Amino acid sequence: MGEKRVITVLGATGSQGGSVVRAIAADPTSGFVARAVTRNKGKAEELLALGIEVVEADLDDEASLRRAFDGAHGAFVVTNWWEPPTADSVWTSRTEREQGQAGNAARAAAATGLRHVIWSTLADTRPYLPDAPRQEAGYTVPHADGKAEANAFFLDAGVPTTFVTAPMYYESLFTFNAPRRAEDGTIVLAMPIGSAQVVSGTVDDIGRTVHAIFGRGDTLVGRTVPIASDLCAGEDFAAGIAEALGEPVRYVPVDPAALAHSGMPDAGEVANMFQYFINAEKDLTQIDFDWLRDLNPGLQPFGTWASANRDRFRALSL
Ligand SMILES: NC(=O)c1ccc[n+]([C@@H]2O[C@H](COP(=O)([O-])OP(=O)(O)OC[C@H]3O[C@@H](n4cnc5c(N)ncnc54)[C@H](OP(=O)(O)O)[C@@H]3O)[C@@H](O)[C@H]2O)c1
């Protein structure tokens, strides 16, 4: 095999980028090698220990992105809307910052002649939430709507881009969406998704799918690939967790509107996101899983993943 082609991976110390780096490193037949990007190499000790090239760059600094992209074949670009703003932040909103970062990445990719960029975007929720309360900068779900608008930066810059949308991470069931023990002693999974099936997936499937898309050359340039491992309703999540815990778990649907008034940070945005999952269910669930499995044969249905992660569920203090 000839020399491996470099894929620069943004967010390499995080969930999505980390999974892309791991997927590339795990495949000895891969024609690619990862160049992991962090703002601070001190955060990337695990990657360095694996022998992975690590470079420092900042999405707010286009020149640093050009250096990180220089000589690479492609890049995986992910931005983190949720990153708290710093005191010296020049942005008026996190959406403006995220769009600025996507613009920097698109221009740097064009300037360095990248052959293939995979941009982790999300769909515009506004058509599905006509009456929802507006959030930051007038969007309904800023972290999604802003990314959808940012697709244009890659297209306008003429960058050969595949757009991927990430699913709701299964891993959120260990944190934000974790089950809890109710006062009556039973385990409850309370989620604001009504009876809707939600496009869900393990973070590992994001990396494996992205790696496979790079492997398809330019055949998926210009396409949007909805990454998913499974479609799960609340009852499906509860059943998988119950099997993993060896104890019944009861799904309790929560009204997204109630969440909006919960006082948690970004409650309005998160409530709108879940309402969007409900309102857009018919369109979002039109996913060709045979095609996705052809790309990534390791795709993990929720039940399989929950069993494999039994210990992590048991480690939750329930
Ligand atoms: N949670 C979900 O279910 C879900 C579903 C779909 C989409 N998403 C989207 O996923 C995105 C976050 O991705 P994630 O979950 O992989 O994040 P994460 O695990 O929180 O990690 C964030 C990553 O972003 C990097 N980063 C942040 N600011 C940066 C900057 N200015 N320059 C360079 N790198 C920067 C960090 O790198 P360093 O700190 O090492 O520099 C870190 O690697 C969000 O925008 C969210 O909307 C999440």
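Helix 1 passes helix 6 in a right-handed crossing; a crossing is called right-handed if the near helix is turned clockwise from the far one by less than a right angle, and left-handed if anticlockwise. The structure is a predicted model, in which local features need pLDDT of at least 70 and side-chain atom pairs count only at pLDDT 80 or more, whereas totals for chains, interfaces and linings use all residues. Residues are numbered from 1 along each chain as its sequence is written, and side-chain values use heavy atoms, with hydrogens and water left out.

**Helix 1 against helix 6**

Helix 6 covers residues 203–215, and its axis lies 7 Å from that of helix 1, at an angle of about 55°. Helix 1 is therefore oblique to helix 6, on a scale where angles under 35 degrees count as roughly parallel, over 145 as roughly antiparallel, 65 to 115 as roughly perpendicular and the rest as oblique. The axes are lines fitted to C-alpha atoms, for helices over the stretch in contact, and angles run from 0 to 180 degrees between N-to-C directions. On the side of helix 1, the contact (heavy atoms within 4.5 Å) is made by S15, Q16, S19, V20, R22, A23 and I24, while helix 6 contributes V203, D204, I206, G207, R208, V210 and H211. These residues divide into 6 nonpolar, 5 polar and 3 charged, where Ala, Val, Leu, Ile, Met, Phe, Trp, Tyr, Cys and Pro count as nonpolar, Asp, Glu, Lys and Arg as charged, and the others, Gly among them, as polar.

**The two sheets**

Helices (H or I, at least four residues) and strands (E, at least two) are DSSP runs numbered from the N terminus, and two strands pair if DSSP finds at least two bridges between them.

Strand 10 (residues 198–201) is joined to strand 12 by 3 bridges, and the two run antiparallel, with V199 opposite L231 in strand 12.

**Helix 4 and its partners**

Helix 4 (residues 94–111) and helix 3 have axes that come within 9 Å; the two helices are oblique to each other, and their crossing is right-handed. E62, L65, R66 and F69 in helix 3 meet N104, A105, R107, A108, A109 and A111 in helix 4, which gives a contact of 6 nonpolar, 1 polar and 3 charged residues.

Helix 4 also packs against helix 5 (residues 142–156) at an angle of about 25°, and is therefore roughly parallel to helix 5; this crossing too is right-handed. T95, E98, Q99, A102, G103, A105 and A106 of helix 4 make the contact with P142, H143, G146, K147, E149, A150, F153 and F154 of helix 5, and the classes are 7 nonpolar, 5 polar and 3 charged.

Two packed helices are described by the angle between their axes and the distance between the axes.

| Helix pair | Angle | Axis distance |
|---|---|---|
| Helix 1 and helix 6 | about 55° | 7 Å |
| Helix 3 and helix 4 | roughly 45° | within 9 Å |
| Helix 4 and helix 5 | about 25° | 9 Å |

**A loop residue and the annotated span**

L122 sits in the loop between strand 5 and helix 5. Leaving aside its neighbours within four places in sequence, L122 is in contact with H143, A144, K147, A148, T165 and A166. Between L122 and D156 there are 34 residues in sequence and 18 Å in space, C-alpha to C-alpha.

UniProt, in an unreviewed entry, lists residues 4–281 as "domain: NmrA-like"; its positions are given in the numbering used here, feature names are shortened, and annotations may be inferred rather than shown by experiment. In the model, residues 4–281 are 37% helix and 20% strand, and the end C-alpha atoms of the span lie 41 Å apart.
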